[in-house]
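Student: I would like to go through this model step by step, starting with its pockets. Please set out the terms before the values.

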Amino acid sequence: MAATRDHVDWMRAALALADDAGALKEVPVGCVIVGANGEELGRGHNARERLADPTAHAEIIAVREAARRSGSWRLEGSTAYVTLEPCPMCAGALVLARIARVVYGCSDPKAGAVATLFSIGSDVRLNHRFEVVGGVLADECAGRLQRFFAALRSHAQ
């Protein structure tokens, strides 16, 4: 499936969350969960440093909020918009939440688990699968990460 206007608009919302994370010295990744009727159910950005929690990825935070707001852990029909391809933990959580579609910005060559290194969301051995749309605003998403890590390297020297 190709990117739609809705995909671009929701990815821009996820990018704003990534900017919030970066401003807090967190890796700039943002995620928005949108329900089947087009309503925002949850949002999050990376918060591992602030919360001292290795599971505080943008997707996990957004899924928790979406489940709380919807009153169900089953987020059937929902779409997750995330600026970076989900890692294995997050891809697994999206499967368990019964997400229908994952739309991501840039690929993750080190931990991408929905297309690059693994295809968790389309693995027929699992009891749920989701559609994957990659590359939505990929350059903008990658640029934020590149600038963040370049700044970290320059401060480390």
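Tutor: A pocket here is an open set of grid points with protein on both sides within 12 Å along at least five of seven lines. The model is a predicted one.

Student: How much space lies in the largest pocket, and which residues are the closest to its centre?

Tutor: The space in the largest pocket comes to about 460 Å³. Its lining is made up of 20 residues. Closest to the centre are Val-27, Leu-84, Asp-108, Leu-145 and Phe-149.

Student: Which helix gives the largest share of the lining of the largest pocket?

Tutor: By class, the lining has eleven nonpolar, four polar and five charged residues. The largest share is four residues, and these come from helix α5 (residues 138–156).

Student: Are α1 and α5 roughly parallel or roughly antiparallel to each other?

Tutor: Helix α1 (residues 5–23) packs with α5 at an angle of about 5°, and the axes are 11 Å apart. Angles under 35 degrees count as roughly parallel. Therefore α1 and α5 are roughly parallel.

Student: Which residues in α5 are met by α1?

Tutor: The residues of this contact divide into four nonpolar, no polar and four charged. From α1 come Met-11, Arg-12, Leu-15, Ala-18 and Asp-19. In α5 they meet Glu-140, Cys-141 and Arg-144.

Student: What pattern does the chain follow along the sequence?

Tutor: The chain has five helices and five strands. Read along the sequence, their pattern is α-β-β-α-α-β-α-β-β-α.

Student: What is the radius of gyration of the chain?

Tutor: The C-alpha trace spans about 45 × 30 × 30 Å along its principal axes. For 157 residues the globule rule gives 15 Å, and the chain is close to that, so it is as compact as a globular protein of that length. The radius of gyration of the chain is 15 Å.

Notes:
Residues numbered from 1 in each chain as written. Predicted model: local features only at pLDDT ≥ 70, side-chain atom pairs only at ≥ 80, totals over all residues. Heavy atoms only, no water. 1 Å grid on protein atoms, 1.4 Å probe; cavity = no way out; pocket = protein on both sides within 12 Å on 5 of 7 lines; lining within 4 Å. Points joined across faces, edges and corners; volume = space filled by probe spheres on them. Helix = DSSP H or I, 4+ residues; strand = E, 2+ residues; numbered from the N terminus. Nonpolar A, V, L, I, M, F, W, Y, C, P; charged D, E, K, R; others polar. Axes fitted to C-alpha atoms, helices over the stretch in contact; angles between N-to-C directions. Parallel < 35°, antiparallel > 145°, perpendicular 65-115°, else oblique. Contact = heavy atoms within 4.5 Å. Rg over C-alpha atoms; globule rule 2.2 N^0.38 Å.
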